[in-house]
Amino acid sequence: MRKLITLALIIALVCSFTLIGYAGSDLNIDVNNISDKIKNISPASIEIINPATDIIYSDYLLISIKIKEQKSFKFSLYAHNDVNGTKNINVYPITSSGAIKIETIEKNDTMSDYTYLYGETINTTDFAFYTLQLEKLVPGKYKMSIEELDSEGKVTRTIYKDFEIKDKSEQPKEVISYDNFNEKPSNKLQTIQNFIKSIFGN
Amino acid sequence: MQIIIRKEKIKTISIVVLVFTTILLLYFLWNARSEKKNYFNFNITNVEEKEEGIKGKDFLEPFRLRVNFGGNKYTVLYSGFDNVWYSFIDAYRSAFDGEIFVKEISKGNWDEILKGRSVKFDLGNNIPYAAMREVMGINNTIADEVIGNYSAAAYSEVSPDSFFIYDKKKDKYFMIVSEKKQNNEILNELDELEKRDFDIYDTITALFGAQNDILIPTVLKNNIQKISGDQEIQVFEQEKIKVLAERFFGDNFDFIRKIEETNGTVIYMYGYGQKMLLIDRKGFIEYKEVLNTDRYTAVNYTDALEIAVSFVTQHGSWKTLNGTNIYPYLKESVNIEEANRKGYKFTFGYRINGYPVYYQEGEAIEIKVVGNQITYYKRYLLNQKDTLQYFSNDSGDSTRNILSAKNILTNNYEYIKEKYVQENGYNFGNNKEEVFNRIVSMINMVDVGYFSLDRKKPDEEIQLIPAWIFMTDKYVFLFNAQTGESLGSKPIR
């Protein structure tokens with residue numbers, strides 16, 4: 001009899017854990033995503049909004065940088081020396097009332113493995129977005145740098161962001177199966193809660 | 001004795017836990033199975049070929065296409081996507097060759113499929129699913145009750161054997177899954193589109209970091225210019241007004257009273273106001289007819305739309321009265337009731353140079369159909385007159401680029417915030433960044449078009465100003481795209 005009760009308890013516990021796991025799977029906590037975000041959070045006043053990932057499967061990229069206090073900075077974009085065909089890349093800086101271009105940087109050869117592509121010096125208000133569109137990007141490794149400047153134009157801090165452009169065809173194909181579409185209420189945990197509520201009331 | 005009681009308690013608890021677990025498992029099992037009850041088969045008929053002239057069903061087409069090319073590259077098109085739409089219809093129709101399942105899905109699922117390589121077609125608000133089904137040549141009616149309205153349709157690479165439909169009225173999302181493997185042309189059509197020249201759009205998330213997948217055109221390649229407009233009819237154009245009035249009153253025209261008010265408004269009236277036509281100084285044409293309940297016969301949505309479209313064709317046409325094309329589209333359909341009789345109100349918008357025209361008040365064409373009778377019809381259309389050139393003082397440049405939507409938002413989010421604070425009691429706090437993030441997260445549509453500025457004096461020229469339009473759950477906010485100034489807001493009904 002004792003064995004039977006123990007067995008029943010084990011089954012009950014296993015079922016409960018399965019259910020909790022099933023419900024929790026819908027919380028969508030993506031550890032990789034969190035670490036990505038942490039990597040992108042730059043301290044102080046400048047935050048790189050986009051690219052939000054290190055690999056981009058496209059020939060198009062929006063660069064967006066949030067500035068949270070009045071600043072001057074130099075933005076520079078580089079392609080790794082191995083990247084071919086960078087001359088065809090189109091760079092469209094987006095005119096902004098909050099982030100005003102002071103000058104285009106013609107040359108910036110501070111990195112030996114990288115070829116300088118584009119850059120400009122920017123003055124911003126206390127809340128602004130600096131934005132660039134890049135078209136016809138060729139696959140390869142790229143780097144961008146943001147050099148914060150003091151009132152005398154000296155670099156006080158540099159933020160780097162590396163990213164890799166890959167061909168769209170290389171993007172892993174994600175397919176959502178029929179069973180992974182949640183019926184409303186979408187959250188399975190919510191479904192269980194609702195079910196319990198329906199039995200015991202609120 | 002105590003041991004026995006404890007054992008009994010343990011047994012009882014175990015049994016309760018087991019029963020409870022079994023119920024839960026059965027619930028999920030039953031829930032998963034029950035989805036498959038919805039399947040049904042269809043016979044396919046071909047969509048009829050379009051006849052000459054504009055017909056009601058011509059409006060049952062999407063007015064906007066959202067494309068995700070993959071790799072965070074997006075665009076939005078308002079025309080030139082017929083091939084994509086027809087390939088969607090073909091695929092959708094052929095999906096019904098085999099068994100299909102209809103399933104309500106979450107908003108999260110809908111957002112997820114649009115993150116993959118996908119298309120989303122936006123249709124006029126509140127088009128019944130049954131009407132769209134008929135236009136697509138699908139006969140089976142079972143999904144009509146499930147889906148209700150066809151506000152948007154989507155197809156995505158991440159679920160290639162499924163089709164997705166959004167019912168805005170019920171705010172519900174559905175997926176239709178076909179057991180027949182899809183081998184369609186939709187994604188190939190996207191490859192063709194990508195070869196064309198188009199404006200690239202970005203998500204609000206990519207641009208600002210706030211969570212919102214709504215698209216913004218970051219740079220517009222074509223510069224939209226301020227233009228001057230001309231009303232389609234003037235109160236002093238007596239012959240033109242008479243010809244128009246004859247169309248409304250037909251054989252009864254000899255029995256019509258004509259009233260000319262001191263402010264210039266011309267009114268034609270039949271009987272004691274059973275039928276009334278009004279043409280005002282601004283160029284509004286308004287027609288009202290008292291419902292004849294004795295002759296009322298209920299009509300369905302498609303027939304009502306056909307009656308409305310045909311009425312407009314005969315009473316002013318789908319061009320301006322001067323003969324200029326207006327590129328109309330169906331904006332909204334609403335169920336109405338008059339004297340306890342059911343009907344529909346249709347609202348149409350139009351485009352100039354490909355851009356939608358917005359008014360301070362009202363819409364371009366509004367028409368009410370009750371039974372098979374038109375009870376209300378209003379139109380206010382503008383002809384494009386001239387392109388108004390800007391002359392910059394310093395460079396002599398004759399044109400002026402419009403500001404980006406991004407700049408409009410960064411400069412005006414406080415204005416949007418104030419509207420919500422003052423009229424809805426919202427509390428956004430004082431942190432600039434948080435306020436901005438909340439405001440941009442609330443936006444559910446961004447558009448660029450012309451805004452018709454009301455004239456301050458009667459002899460002033462009508463100006464059609466390039467405008468950015470931002471829609472939230474409660475308001476439509478309009479901003480002058482050249483200066484960034486607010487052009488006001490309209491509450492959403």
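The model is predicted. Chain B holds eleven helices and 24 strands. Of its 493 residues, 36% count as buried.

**Contacts along the chain**

- Take the contacts in chain B between residues at least 6 apart in sequence: 64% of them join residues at least 24 apart.

**Nonpolar cores**

- In soluble globular proteins, nonpolar side chains tend to be buried together.
- The largest nonpolar core here has 141 residues.
- Six members touch the most other members: Phe88(B), Val119(B), Ala153(B), Phe164(B), Ile165(B) and Ala467(B).
- A second core is separate and has seven residues, including Ile241(B), Val266(B), Ile279(B) and Leu321(B).
- Which residues does Phe88(B) touch, leaving out those up to four places away in sequence? They are Val119(B), Phe121(B), Ala153(B), Tyr155(B) and Ile186(B).
- Two of these contacts, Val119(B) and Ala153(B), are also on the list of core members that touch the most others.

- Strand E7 of chain B spans residues 172-178.
- Six of its seven residues are buried, so E7(B) is largely enclosed by the rest of the structure.
- Strand E3, residues 100-105 of chain B, pairs with E7(B) in the antiparallel sense over six bridges.
- In that pairing, Ile100(B) stands opposite Ser178(B).
- Strand E6, residues 162-167 of chain B, also pairs with E7(B) in the antiparallel sense, again over six bridges.
- Here Phe163(B) stands opposite Ile176(B).
- E6(B) and E7(B) form a hairpin with four residues between the strands.
- In this hairpin, Asp171(B) takes a positive phi near 50°.
- In a regular strand the side chains alternate between the two faces of the sheet.

**Helices H2 and H6**

- Two packed helices are described by the angle between their axes and the distance between the axes.
- Helix H2 covers residues 82-95 of chain B, and helix H6 covers residues 186-194.
- Their axes come within 9 Å and cross at roughly 170°.
- Angles over 145 degrees count as roughly antiparallel, so H2(B) is roughly antiparallel to H6(B).
- From H2(B), the contact uses Asn83(B), Val84(B), Ser87(B), Phe88(B) and Ala91(B).
- From H6(B), it uses Ile186(B), Glu189(B) and Leu193(B).
- How many of the contact residues are nonpolar, polar and charged? Five are nonpolar, two are polar and one is charged.
- Phe88(B) links two topics: this residue of H2(B) meets H6(B), and it is also listed in the largest nonpolar core.

Terms used: Residues numbered from 1 in each chain as written. Chains lettered and ligands numbered in written order. Predicted model: local features only at pLDDT ≥ 70, side-chain atom pairs only at ≥ 80, totals over all residues. Buried ≥ 20, exposed ≤ 12 C-beta atoms within 10 Å, placed from the backbone. Contact = placed C-beta atoms within 7 Å. Core = buried A, V, L, I, M, F, W, Y, C linked by C-beta atoms within 7 Å. Pairing = 2+ DSSP bridges. Axes fitted to C-alpha atoms, helices over the stretch in contact; angles between N-to-C directions. Parallel < 35°, antiparallel > 145°, perpendicular 65-115°, else oblique. Nonpolar A, V, L, I, M, F, W, Y, C, P; charged D, E, K, R; others polar.
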